[in-house]
Amino acid sequence: MASIPILLLILLVGSLYSVEVNGGGGGGTVELVSTVAEQRVFDYFALALQWPPTYCSKSTKCCSQSACCRGANSPSVFTIHGLWPDYNDGSWPSCCSGSAFDEVEISTLFGALEQYWPTLSCSKSSTCHGKKGLFWAHEVEKHGTCASSVTGEEYNYFLTTINLYFTYNVTEVLFEAGYVPSNSEKYPAGGISSAIENAFHTTPQLICLNGALEEVRLCFNKDFTVRECVAKSDCPDYVSLPEFASLELNGGTTTADRSFSYHESS
Ligand code: 5GP
């Protein structure tokens, strides 16, 4: 008789997922473990796009996997960070039940993913199954599994995200509005926000790192019509949109130089 509660317990523990709460901006997260029985239906999507020169300015080493290290071919457009299911209270589910990432399933998308959804990090990313893996594995396991009721599973999660990325071309909108990469200019964050608002009829969430624009997040209802994000921007009044060329690494090595001196991460 005692075997039934034990079986139930095993099933519950086996289907743990997490809810994360953000203190604001891109800052520290608190992870609350919950069970599938308590999993709420998510409310909306955030499409997170990153500005590679800002992210890459954090790097201290180069490796072949990182798009920061492609020299002249390093991305000079916003690239995809992820498509995240979110709750209206500012928290979000993560690591929901679903299959582990399988590279084979998305092999036909590799070209597009390498170009528009590259990893900018040399470190391997954590997956939901206690392993380290590709940035894509991290994103689909942590966020994609919680979105599958709308997007479908792995292949469709990536395809949906790429399609949204092309439909809402933030790079084009900003460049056309005169917000072009520069290592000397500072732009009003309000102007950047307005340019996106005029084009897409929603206010973006802007995330900054040391006064430089690092991410633009656009939010969508579950039918992929635009909506406002819940989390607020964390940028100062004036922000930079840095170019790759003059990013300094290890006391003067530029990103262009880095592509000729790969050092694999451990
Ligand atoms: P998140 O949970 O915010 O979706 O994923 C961020 C995690 O993925 C971080 O732990 C980071 O180390 C890893 N990661 C790997 N490549 C990238 C990248 O290109 N951009 C960002 N933002 N995170 C990356």
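Which element gives the most to the shell around the ligand? In this predicted model, that element is α4, with five residues.

**Figure 1. Overview of the chain in the predicted model.** The chain has eight helices and 14 strands, and of its 266 residues 47% count as buried. Among the contacts in the chain with a separation of 6 or more, 74% are accounted for by residues 24 or more positions apart. The accessible surface of the chain comes to about 12800 Å², and carbon and sulfur atoms hold 55% of that surface.

**Figure 2. The shell of 14 residues around the ligand.** Those that come nearest to the ligand are Q50, L120, H138, E139 and K142. Both β4 (79–86) and α4 (135–151) supply at least two residues of this shell, and α4 gives the most, with five. Divided by class, the shell comprises seven polar, five nonpolar and two charged residues.

Figure 3. The ligand on its own has 500 Å² of accessible area, of which the protein covers 76%.

**Figure 4. The salt bridge between E214 and K58.** The closest N and O atoms of this pair are 2.9 Å apart. E214 lies in strand β10 (residues 212–220), whereas K58 lies in the loop between α2 (52–56) and β4, so the pair ties together parts that are 156 residues apart in sequence. E214 counts as buried because its relative accessible area, 10%, is under 20%, while K58, with a relative accessible area of 44%, is partly exposed.

**Figure 5. The salt bridge between E114 and R70.** Here the closest N and O atoms are 3.4 Å apart, and the pair links distant parts of the chain, with E114 in helix α3 (residues 110–116) and R70 in the loop between α2 and β4, 44 residues apart. E114 is partly exposed, at a relative accessible area of 40%, and R70 is also partly exposed, at 27%.

**Figure 6. The salt bridge between E215 and R217.** In this pair the closest N and O atoms are 2.8 Å apart. E215 is buried, with a relative accessible area of 5%, and R217 is likewise buried, with a relative accessible area of 10%. The count of salt bridges in the model comes to four, among them the one that E215 forms with R217.

Terms used: Residues numbered from 1 in each chain as written. Predicted model: local features only at pLDDT ≥ 70, side-chain atom pairs only at ≥ 80, totals over all residues. Heavy atoms only, no water. Near = heavy atom within 4 Å. Areas by Shrake-Rupley, 256 points an atom, 1.4 Å probe, with all protein chains shown as cover. Helix = DSSP H or I, 4+ residues; strand = E, 2+ residues; numbered from the N terminus. Nonpolar A, V, L, I, M, F, W, Y, C, P; charged D, E, K, R; others polar. Buried < 20%, exposed > 50% of the residue type's maximum accessible area, 1.4 Å probe, protein only. Contact = heavy atoms within 4.5 Å. Salt bridge = Lys/Arg side-chain N within 4 Å of Asp/Glu carboxyl O.
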